[in-house]
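Welcome! Let's take a short tour of a protein's inside, with a look at its core and its rings.

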Amino acid sequence: MSQQTTHATHRLVPSPAGRTRVVEQGTGPLVLLVHGFPESWYSWRHQLPALAAAGYRAAAIDVRGYGRSSRPEDPTAYRMPELVADNAAVVHALGERSAVIVGHDWGSVIAADSALLRPDVFRAVGMLSVPYAPRGGPRPSTVFTRLGADRDEEFYVSYFQEPGRAEAEIEPDVRGWLAGFYAAFSADTMPAPDAPAPHFLGRGARLRDRFPTGPLPGWLGEQDLDVYAGEFERTGLSGALGRYRNMDRDWEDLAHLDGAPLTQPSLFAGGALDASTTWMADAIKAYPTTLPGLLSSRILDGCGHWIQQERPDEVNRLLIDWLAALPA
């Protein structure tokens, strides 16, 4: 493990999931860091020491279903209100009443919904890579089924829906699959713009058929990949994929938030080469309405999806400057 995390403290705290792994560093106001797919607390390895040095108590979790956190067998246990309850429980287990929450990828959505559902706990929210978009529109599964249909292709989110299907592709070679997935969405290794999009797969094909097969991205060392692969080889992928398999349930559970703005002080940062940023450009344009508390919004040129690992120094500076500007 990298030297940057040697002074971090690992522990398990009680949560509605059963237990949640927390890796923390520093003292001061609490900043809760929530990872995305397919990652773990380790995706924040560059932020933990930087935030600690800036005077914050940085705490990165394994989301339920990942790493050392509990992995409930019930597929419905991965719906959004359950994950929000875990986050609030972690804050209280750490002896705090409130926290700033920052998320990346799925963690960005979890962070936003945590702020919406528990404004008494989460006083500010930072979102990386996936822009905030209020709940609304048709049922998600209906939308995803339509994507790629004109090309007889299947969108990756639809591919992830059936229990066991993606697992059968990934689990025989977790390390190789992760390497390809990370490379497919990294600025320095992603497929050329005119190549088949790695977010889709042909009928009867595998998602990995469109992944790059060259060197690892510059941000991902062999030891880093070993950390990620080791956890998923131990746990399998069903817990992590549970988040995708509850999107329709989330749509039902959060109907009362339809169109709701996120009013806490907020931050957004994304990569210019990340499909999450380009596909959701309209959501970013709507920020004056949907994020009235927005204090900072940045698109990093030449950056892909794994923003806090691809460009750690820039992201650290953005986070620290934003945290310093928050109301006391």
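Two residues are in contact here when they have heavy atoms within 4.5 Å of each other. Keep in mind that this is a predicted model.

**The nonpolar core**
- The largest nonpolar core has 98 residues, and Phe 37 and Phe 160 touch the most other members.
- Helix 7, residues 174-184, gives this core its largest share, with 7 residues.
- Setting aside residues up to four places away in sequence, Phe 37 touches a list of residues that includes Phe 160, Trp 177, Leu 237 and Trp 306.
- Asp 105 and Trp 106 are also among the residues that Phe 37 touches.
- In soluble globular proteins, nonpolar side chains tend to be buried together.

**A closer look at Ile 170**
- You can find Ile 170 in helix 6, which covers residues 165-170.
- Is Ile 170 buried or exposed? Its relative accessibility is 1%, and buried means under 20%, so Ile 170 counts as buried.
- Beyond its neighbours within four places in sequence, Ile 170 is in contact with Trp 177 and Leu 237.
- Ile 170 and Phe 232 are 62 residues apart in sequence, and their C-alpha atoms are 9.8 Å apart in space.

**Rings and charges**
- How many aromatic pairs does the structure hold? There are 26.
- Phe 155 and Tyr 156 form an edge-to-face pair, because their ring planes are at 70° and their centres are 4.8 Å apart.
- Phe 155 is buried at 5% relative accessible area, and Tyr 156 is buried at 19%.
- Arg 151 lies over the face of Phe 200, 4.7 Å from the ring centre.
- The charged end of Arg 243 sits over the ring of Trp 106, at 4.7 Å from its centre.

Key. Residues numbered from 1 in each chain as written. Predicted model: local features only at pLDDT ≥ 70, side-chain atom pairs only at ≥ 80, totals over all residues. Heavy atoms only, no water. Helix = DSSP H or I, 4+ residues; strand = E, 2+ residues; numbered from the N terminus. Buried < 20%, exposed > 50% of the residue type's maximum accessible area, 1.4 Å probe, protein only. Core = buried A, V, L, I, M, F, W, Y, C linked by side-chain atoms within 4.5 Å. Phe/Tyr/Trp six-rings, centres within 6.5 Å; stacked < 30°, edge-to-face > 60°. Lys NZ or Arg CZ within 6 Å of the ring centre and 35° of its normal.
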